Structure formats: C-alpha cells, structure tokens
Amino acid sequence: MDLSTSINIKEPRWDQSTFIGRAKHFFTVTDPRNILLTNEQLTHAHKVITDYREGNVSPGLTEDELWRAKYVFDSAFHPDTGEKMILIGRMSAQVPMNMTITGCMMTFYKTTPAVLFWQWINQSFNAIVNYTNRSGDAPITVNQLGTAYVSATTGAVATALGLNALTKHISPLIGRFVPFAAVAAANCINIPLMRQRELQHGIPITDENDNRLGESTKAAQQAISQVVVSRILMASPGMAIPPFLMNHLEKKAFLKRFPWMSAPIQVSLVGFCLVFATPLCCALFPQKSSMSVSRLEPELQEKIRANHPGVERVYFNKGL
C-alpha cells in the first residue's frame, strides 16, 4: 500500500506548540552528522520531498523515510528561497564549528593578537550563519553585509580588549568570562545589522493557512530579538561551565605536565555543552513565530481588517 499524500511535511514532525516537540525537532535539525551527507543523498532527499509535494509518492516509501528525507532536505535547503545553503552556515555545522572557535577563544584569551584573531574568526563565522539563515526571501546587499560584519567584529574586539584590560586587576577566573561577554555584545550588533533589510522593509507575514498578508517591520523586530536571546543563551553553557572546570584542571599535575592538552580539553568540553545547548536554545521560541494583529503597524492592521476580517494572529518565520 502506498503512503498517503496527506502528511503535512510543511510543518515539523513534532508538535511545535510544546517545548519538547520543538526540542525533538531541533535535535534533528542541528544533528552534526548531517554535514557528512553526500550530494547524492541531498539530491535524493530533494527529489523525494519535491515529488511528494506534487502528489507523487516514490514506490515503497515509508512514513519514517519521508520524515528522514524532509529533515535531510531542511538541513541543506533554505526554507524561503529553496537554495542550497553554504555548508558551514547550516545549522548542522553549528556544533563542530562553534566548539572549535569557542574552545580556542577561551584557551587563547590572554594576548591581544589572540583576542583579535579569534574574535574576528568568530564574527566571520557568525556573519556566514546569519546570512545563510536569514528570514524571508529578501536579498541582502554586499554593502549591508560588509557594514554588519565590520560593526560586529569591531564591537566584539572592543568589548574583549576593554574587559581584558579591566580583568588584569581581578581574579583569573573572571578573566575567563571575557570571551562570553564579547560574544554576547557582538550578537546584539551582528544579528540586527545582518538582517537590517528586514527591519527596514519587514518580513513576510501570513495567516494560519500560509496565505501571505503583507510585510511587517514589527514582526521583524520580534523575530530578530528572539534570535538574539536564543543565540546568547546558546553560547552561555559552553562559555560558562568550562571556565570553572579548566580553572580547576589547570592547577592539577596533568595539565602542568602537558599544557598543550589545554586547548583540546577546552574544545571537547565546549562541544559537549553545545550538543545540548544548540537545539534546546533554538527550541525556546517557535520557528513559525506569531503575534496578534493588534501589535502590527497601524496601516497593516487596517489592511488586514479590511481584506481578512477574521484574522486575529499572523505568522512568520523568525529565522535562526
């Protein structure tokens, strides 16, 4: 018996109105194993999903295989534009990339050149991720991209160097938290700037049946602030727990004998934290975010009330 064509693969497999459902969804989306998928596997998933959307079910396809194809498809193709995303910008690359960068930022935080280099690498990576996972189908110009990148890098480096100068007079443990403060500050600059076009022109909003109702800058503000909060929280376990452990370990004989082991241990600790923190923090807010019509711009409220009188809530993709 062939698989039914009525399964809604536009939505995630699990109930997105609950945190548990969203967490299961994001554990699948951020699975680092997805970056090892070959082009053939991605092309196959693309074909299965495209055919299914058109009502053509591959013979012998099971529901589990359909969902697996959907998650492979979603891991590599942008939800709004449909284009294949840059490998290191995909959510499945978040854990391996972040654990390496964060681990190194926290190991080499004492000298100015090391701070400059690792904060620059981190912001370059963030710029790629923010661009790859932007909401909507609006193109971002090279000029906007450059401004966001330079501003975030400057903000992160200035915060890190400024705090490093202050921490010379206090305990070494506090010094280890400087990279986290710099990353938090940079996220507050990088994400809004990288997505400034959405703040100026709005992001697409729809009713619950995906009928497009217009573009809203208020929805963009909500989407971007939710992303900033979840990104800062995502970084916190990996940047808050390892400093205490490393402070303790560096006093022990092992690391005194093998100081070169400090970076691999730090990277592994950060990686362990990120495997859990990345999906759980992505799950804090629904991907398909919503807001009341009464919170939209006045002219948009009027337009919706005139053309779609029954609509009370609007929905939009918040980006990641």
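1. Starting with handedness: helices α8 and α10 cross in a right-handed way (right-handed if the near helix is turned clockwise from the far one by less than a right angle, left-handed if anticlockwise). This is a predicted model, with local features needing pLDDT of at least 70, side-chain atom pairs counting only at pLDDT 80 or more, and totals for chains, interfaces and linings using all residues. Residues are numbered from 1 along each chain as its sequence is written, and side-chain values use heavy atoms, with hydrogens and water left out.

2. The axes of α8 (residues 178–194) and α10 (residues 217–249) come within 10 Å and cross at roughly 160°. That makes α8 roughly antiparallel to α10 (over 145 degrees; under 35 is roughly parallel, 65 to 115 roughly perpendicular, the rest oblique).

3. On the α8 side, the contact includes Phe180, Asn187 and Ile191, and on the α10 side Val227, Arg231 and Met239 are among the residues (contact means heavy atoms within 4.5 Å). Sorted by class, this contact has 13 nonpolar, 2 polar and 1 charged residues.

4. Now for the other pair: α4 (residues 94–107) and α12 (residues 262–282) have axes that come within 8 Å and cross at roughly 135°. So α4 is oblique to α12. This crossing, of α4 and α12, is right-handed.

5. What meets what here? Among the α4 residues are Gln94, Met99 and Cys104, and they face a set in α12 including Gln266, Val270 and Leu274. The contact of α4 with α12 has 9 nonpolar, 10 polar and no charged residues.

How values were computed: Axes are lines fitted to C-alpha atoms, for helices over the stretch in contact, and angles run from 0 to 180 degrees between N-to-C directions. Helices (H or I, at least four residues) and strands (E, at least two) are DSSP runs, numbered from the N terminus. Ala, Val, Leu, Ile, Met, Phe, Trp, Tyr, Cys and Pro count as nonpolar, Asp, Glu, Lys and Arg as charged, and the others, Gly among them, as polar.
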